[in-house]
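Visitor: Could you walk me through this structure slowly? I am new to this.

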Amino acid sequence: MEKKNPIEEARRYYDNAREAIKKADLDTKLGVYNDRKYVRMAGNTLWNGCLVALEAVFHLKTGKGRPSIDKYKEAAAKRDRKLLADIEKGYDNMHLFMGYDGSKDPDVCKKGFANAKDIIDRCAMLLK
């Protein structure tokens, strides 16, 4: 079986999130998304794509269970402070505000997409 490039895979998640957010149906008059379901889907998809990229850089999956966000933050703090800042902002915007809350605010969603791009691009740079 052919092993996929983790950065390309993370970018595929990003593209899938873009398709999901389109389904949230932006109400231009009110300036909000109409459907939280698709905002949540987009946020979770973005965050999962970031985790694919972060895992490629940090290789934290060892032992039982899954690594917590704190493990990613610790690893980033040791290797790249810019990435740490991106993770902290991205976790809030993608995972919490979009993924859990389903924020209908387009500005929150724009920030989530920007955070995802920053994390994936930074991981790509660190893998070179």
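Guide: Let us begin with Ala10, which has its place in helix H1; helices (H or I, at least four residues) and strands (E, at least two) are DSSP runs, numbered from the N terminus. This is a predicted model, in which local features need pLDDT of at least 70 and side-chain atom pairs count only at pLDDT 80 or more, while totals for chains, interfaces and linings use all residues. Residues are numbered from 1 along each chain as its sequence is written, and side-chain values use heavy atoms, with hydrogens and water left out.

Visitor: Okay, is Ala10 buried or exposed?

Guide: Ala10 counts as buried, at 0% relative accessibility. Buried means under 20% relative accessible area, exposed means over 50%, and partly exposed is in between, with a 1.4 Å probe and protein chains only.

Visitor: And what does Ala10 touch?

Guide: Not counting residues up to four places away in sequence, Ala10 touches Gly49, Val52, Ala53 and Ile120, where contact means heavy atoms within 4.5 Å. The C-alpha atoms of Ala10 and Leu51 are separated by 8.0 Å, although these two are 41 residues apart along the chain.

Visitor: At what angle do H1 and H2 pack?

Guide: They pack at an angle of about 175 degrees, with their axes 8 Å apart. Axes are lines fitted to C-alpha atoms, for helices over the stretch in contact, and angles run from 0 to 180 degrees between N-to-C directions. H1 and H2 are therefore roughly antiparallel to each other, since angles under 35 degrees count as roughly parallel, over 145 as roughly antiparallel, 65 to 115 as roughly perpendicular and the rest as oblique.

Visitor: Which residues of H1 and H2 meet?

Guide: On the H1 side they include Glu9, Ala10 and Ala17, and on the H2 side they include Ala42, Gly49 and Val52. By class, the residues of this contact of H1 with H2 divide into 16 nonpolar, four polar and two charged. Here Ala, Val, Leu, Ile, Met, Phe, Trp, Tyr, Cys and Pro count as nonpolar, Asp, Glu, Lys and Arg as charged, and the others, Gly among them, as polar.

Visitor: Glu9 is one of them, so where does its side chain make a polar contact?

Guide: A polar contact of 2.7 Å joins the side chains of Glu9 and Arg12. The term covers a pair of N or O atoms within 3.5 Å; within protein, one must be able to donate a hydrogen and the other to accept it, and residues adjacent in sequence count only if both atoms are side-chain atoms. Glu9 is buried, with a relative accessible area of 15%, and, leaving aside its neighbours within four places in sequence, Glu9 is in contact with Lys4 and Val52.

Visitor: What about Ala17, what does it touch?

Guide: Ala17 is found in helix H1 too, and it touches Ala42, Thr45, Leu46 and Phe113, again not counting residues up to four places away in sequence. Ala17 is buried, with a relative accessible area of 0%.

Visitor: Switching to H2, how does it start, and what follows it?

Guide: At the start of H2, a side-chain oxygen of Asp35 reaches to within 3.0 Å of the backbone nitrogen of Lys37. H2 is followed by His59, whose phi is positive, near 50 degrees, although His59 is not a glycine. His59 has its place in the loop between H2 and H3, and it counts as exposed, at 57% relative accessibility.

Visitor: Now H5, how far apart are its ends?

Guide: The end C-alpha atoms of H5 (residues 106-127) are 32 Å apart, which agrees with the 32 Å that its 22 residues should span at 1.5 Å a residue. The expected span of a helix is 1.5 Å times one less than its number of residues.

Visitor: What caps the N-terminal end of H5?

Guide: Asp105 does, with a side-chain oxygen that lies 2.8 Å from the backbone nitrogen of Asp107.

Visitor: And what do the buried residues of H5 pack against?

Guide: They pack against helix H1 (6-23), strand S1 (26-27), strand S2 (32-33), helix H2 (36-58), helix H3 (69-79) and helix H4 (81-100). Among these buried residues are Phe113, Asn115 and Ile120. Asn115 has a relative accessible area of 7% and touches Lys89, Gly90, Asn93 and Met94, not counting residues up to four places away in sequence.
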